[in-house]
Amino acid sequence: MTSEPKKRAQKGGGRGTAQMVRLAMGLLILSAALAQAQVTLPPDIDFFGGDLLRAPQNDGGEAGKASPATAGYAQTLVFSDGRELRGELVEMTRDEIIWRRPDAGEALRFPRSEVRRIVTGPAGVEPSNGMVPGVAGNPAHPPFDGATLKLPGGDWLFGKVTSADGQSFAVELTGGAQLAIARTQIEWMHFGANPVPAFGFSVSALDMEGWLPASATMELAGSTLTVKGVPWIGRAMTPPNRFEVSFELPEDSEEGTRLWLQPFGPQPNCYGTGTAEIRFGRKEIAHLLFTDKFERQSAPLPVEALKEKGPGKYRVFYDGTAKRIVVRRNGREVGDWKYFTEKDKPADEAVRNIQFNALCFDRENRGEGTSPLKFNRLRIQPWDGNLPKEGQIEDGLDHLSTGETAEIAGKLESVTDKEMVFSGATRPRQGGTTVRFSGAPPAVLAGAEAKLEFGSQGEFIARNLRVREGKVLGETIFSSALELPLGTLQNITFQGPAMSAPPAASLDMLVFKNADELPGKALSATLPGPVRWRMVSGQEVEFQPGRIAGIRLAGAVPSVDPKAAAADATVELRSGERLRGRLVAWDEKHVQLEHPLLGSLGLDRNRLWRLFPVRRFDAVDGGRAPGGWKWKEAEEGSAEGRKTGANSDQSIYLDGTYVLRGHGYVGSFNWSELPGVERSIDPGLERFEVRIEAASQGSLPNFILMLTGKGDTSLRAMICYSNLQLTMQHATGNRRSPWRNIALAENLFATNGPRALRLFVDTKAGTCDLAINGVPVVRLGQEENERLLAGEYTAKIQPYPNQGMATVFSNIWIGPWNGELPSPAKAADETTALANGDVAKGTPKALHDGKFTIDSELGELDIPVEKTLAVDFGGALDAQKVAGRLRLVDGTVVNVERFNWDGHALTAHSSTLGDLRLPDGVVSELIYDPSPVHPPTPVGASKLAKKDSAKKNSD
């Protein structure tokens with residue numbers, strides 16, 4: 001969405017284009033706000049085996065609605081590799097975190113160095129740094145007459161502030177926390193019902209905690225902060241009507257650095273009404289103030305500035321009353337721009353009502369190896385509308401301003417809950433009033449190791465931090481003996497890299513139903529019964545099964561030959577089980593399969609649902625490979641050795657279901673940086689189907705499906721709220737189909753409900769049919785530049801960029817398609833599909849000499865198995881709840897009533913296969929209380945309309 005509207009608008013311009021961009025940005029406003037608030041996955045959602053993936057979530061909110069957080073699981077450990085674990089913080093020392101879970105037999109102990117963050121309050125209750133939903137829009141925290149205090153560095157607080165003498169200030173936070181702040185530690189104070197932005201960077205990388213993307217790594221060398229791993233950074237805010245952004249850029253990074261002021265969430269390269277884009281440089285400054293059209297302007301720097309060496313020191317002033325931006329560089333004015341003049345005043349008054357909700361920085365990429373963002377200093381603060389005189393000498397006085405009258409110099413003598421005394425005069429505490437205190441900015445805290453975050457009530461860095469008996473103890477710049485109730489905090493964030501490597505592949509993974517994960521070693525596991533687990537630290541703990549979703553075992557060991565585990569045929573049973581092996585015998589009542597791991601299996605034909613007899617025409621589900629579908633490393637010699645495809649390291653996986661957290665902000669559509677999953681499709685499948693079911697906690701799921709071909713064709717389908725966006729690229733011949741935006745019918749799905757997508761591709765005809773929740777939406781291929789050519793494709797499934805809540809992909813399936821759209825009327829048919837596209841009624845009655853025997857209108861036919869695409873036995877799935885499930889390393893799925901894993905071998909009982917005994921290395925997953933299987937959503941219409949309602953737009 002971000003890059004496409006930009007390109008179109010640059011060509012088209014005009015009011016219609018702006019309205020189109022504003023519509024697109026409207027979708028981002030909501031997702032950005034949600035993503036800023038969503039810190040961790042919620043503790044009470046059952047992602048594996050629950051109702052989130054199927055039950056409609058209506059406005060009444062009963063079906064699929066999450067229950068209140070279970071006691072004892074409300075806090076969250078976020079590890080350096082992104083894993084999360086719910087529970088309760090018992091104690092924290094300088095080296096260790098002691099963690100309690102009701103389902104664990106004893107307290108868990110983790111090295112503090114492995115933990116990136118502790119979420120001590122409810123996840124996402126209050127977004128950081130004063131976004132409107134945090135206070136004014138949150139009924140739990142109604143507005144009050146508070147004050148924002150700017151402390152040293154990036155520290156700030158917002159609460160009820162009083163001072164009897166103007167020297168010592170008492171700050172009361174929500175929850176009853178009381179803090180005493182000396183006047184000498186305060187730079188300025190601003191009164192209002194909401195906090196104003198007071199964040200910034202001074203000398204600690206911890207100052208930048210809370211900025212997006214969460215994957216950014218902040219490295220500090222001397223006084224210079226370098227942003228690594230991401231092309232941009234941003235932060236949500238609710239600024240006052242007038243504010244200032246000041247920063248200092250090192251000489252080697254000034255050229256091409258851009259500041260974005262956004263009316264929606266933190267996001268560069270997107271435009272909504274009011275977006276301000278300012279590009280800085282050593283020779284010129286450029287800007288774009290977006291309202292109805294793109295009109296980028298640039299101007300050379302003053303001659304004196306061209307001779308200057310060293311860093312660029314910028315002050316950017318925004319006046320919301322005059323809709324004006326003034327920029328100063330090294331004390332010289334280099335920009336003074338207005339959004340509107342009297343002659344071009346828009347008729348739409350709403351266009352003039354600009355409200356910023358975020359700021360961002362990035363480096364303009366001109367294809368020449370853009371260097372990373374760097375800062376020597378960064379801050380944002382209120383501004384009274386009067387441009388300061390550069391080089392003003394400190395006069396030893398405080399300065400009071402309301403933004404409406406001239407600034408007053410004097411001394412703040414006291415503050416009560418209703419008024420203040422300034423130089424002997426009593427004044428009411430008026431919203432929008434700012435007091436700037438005399439004296440040099442106070443020194444920042446040295447040796448800080450963590451940041452304490454209070455949501456919309458502030459944040460500050462600390463050292464010597466401990467937690468004991470529900471109290472947070474430590475040192476700050478304003479207190480050598482800090483003591484706070486743990487419950488007043490939202491986050492404790494530790495100094496360290498944003499993201500470390502995922503757990504080693506040699507480790508087992510304990511997966512909980514709410515998507516918590518714990519690496520280690522499964523010593524024993526029983527169904528029904530507990531799991532005995534050895535943690536990476538060596539501690540052994542017993543977990544009760546109620547919240548356990550399953551265990552991913554470390555995978556095949558050398559005793560299992562992967563080639564021996566290969567199979568020619570895949571059988572899908574009505575129970576949802578999948579068996580892989582070699583067809584040995586076949587008659588009208590039984591089928592015999594030689595399984596490479598389970599031996600000879602006799603199957604009742606009545607239990608068979610689908611058969612895919614040839615390996616190259618096989619069907620694969622989302623859990624086919626141990627560990628799930630993965631991205632691939634870039635091919636040797638590719639640019640920068642970057643990864644290609646979806647980054648599955650950011651997903652929580654079990655039993656073919658993927659949970660992807662919702663705080664993966666990206667600045668542009670760099671597909672290799674987005675989380676997701678992918679799987680290659682055998683080029684032998686000329687007709688194939690891709691199925692996905694997507695759900696999102698609390699909102700409609702927005703996601704992307706891409707089919708990428710090797711140098712031939714690619715299809716990108718993006719589902720975003722009530723729109724389907726489509727584009728197709730033909731690399732050969734450099735042809736590209738028009739970009740489509742198809743409005744989806746409101747009754748297509750329940751509000752906030754899951755979305756089932758089915759994509760039917762015929763590369764011989766070049767057509768592609770797409771259905772959502774059983775409704776045909778579009779047919780591609782009727783025009784030459786929209787045809788999918790034959791070739792080797794990879795299916796990639798990814799959440800939409802900036803999707804605010806967690807996205808869950810389940811029931812993923814890729815397999816042969818017989819060329820006919822399925823419908824409820826055809827659900828009971830028995831058919832045999834051939835590789836040449838023919839479909840025969842009925843199913844084979846016998847197998848001999850590598851051929852199937854089928855009764856037809858012409859009599860008995862012998863069809864070579866190698867030319868058989870699929871056999872459909874008709875009828876319906878038997879969607880019964882089962883106690884457990886096993887996944888084997890070859891993709892086999894078996895339902896079981898009980899199992900016992902002793903760390904070396906597994907015994908189990910299956911109603912389908914009887915008693916089983918499997919050695920180490922054969923089983924890849926042990927699954928507790930799995931979700932019942934259900935058939936794919938049938939396509940409700942017999943044929944597609946000749947014309948869809950798509951609105952085509954050319955690039």
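Here are some questions and answers on salt bridges in this predicted model.

Q: How many salt bridges does a search of the whole structure find?
A: Side chains of opposite charge can pair when their charged atoms come close. Search the whole structure for such salt bridges and the count is 51.

Q: Which residue forms a salt bridge with R235?
A: Start from strand β14 (residues 232–236), where R235 lies, and go to strand β33 (residues 458–468), 224 residues apart in sequence, so the pair ties those parts together. The closest N and O atoms are 2.9 Å apart, and the partner of R235 is E459.

Q: Is E459 buried or exposed?
A: Buried means under 20% relative accessible area. E459 has a relative accessible area of 0%, so this residue is buried.

Q: How many residues apart in sequence are the parts that E187 and K150 tie together?
A: The side chains of E187 and K150 meet in a salt bridge, at 3.6 Å from N to O. E187 sits in the loop between β9 (178–182) and β10 (188–192), while K150 is in strand β6 (residues 146–150), so the parts tied together are apart in sequence by 37 residues.

Q: What is the relative accessibility of D855, which meets K845 in a salt bridge?
A: The D855 and K845 side chains meet at 3.2 Å, N to O. K845 counts as partly exposed at 22%. D855 also counts as partly exposed, and its relative accessibility is 44%.

How values were computed: Residues are numbered from 1 along each chain as its sequence is written. This is a predicted model: local features need pLDDT of at least 70, side-chain atom pairs count only at pLDDT 80 or more; totals for chains, interfaces and linings use all residues. Side-chain values use heavy atoms; hydrogens and water are left out. A salt bridge is a side-chain nitrogen of Lys or Arg within 4 Å of a carboxyl oxygen of Asp or Glu. Helices (H or I, at least four residues) and strands (E, at least two) are DSSP runs, numbered from the N terminus. Buried means under 20% relative accessible area, exposed over 50%, partly exposed in between (1.4 Å probe, protein chains only).
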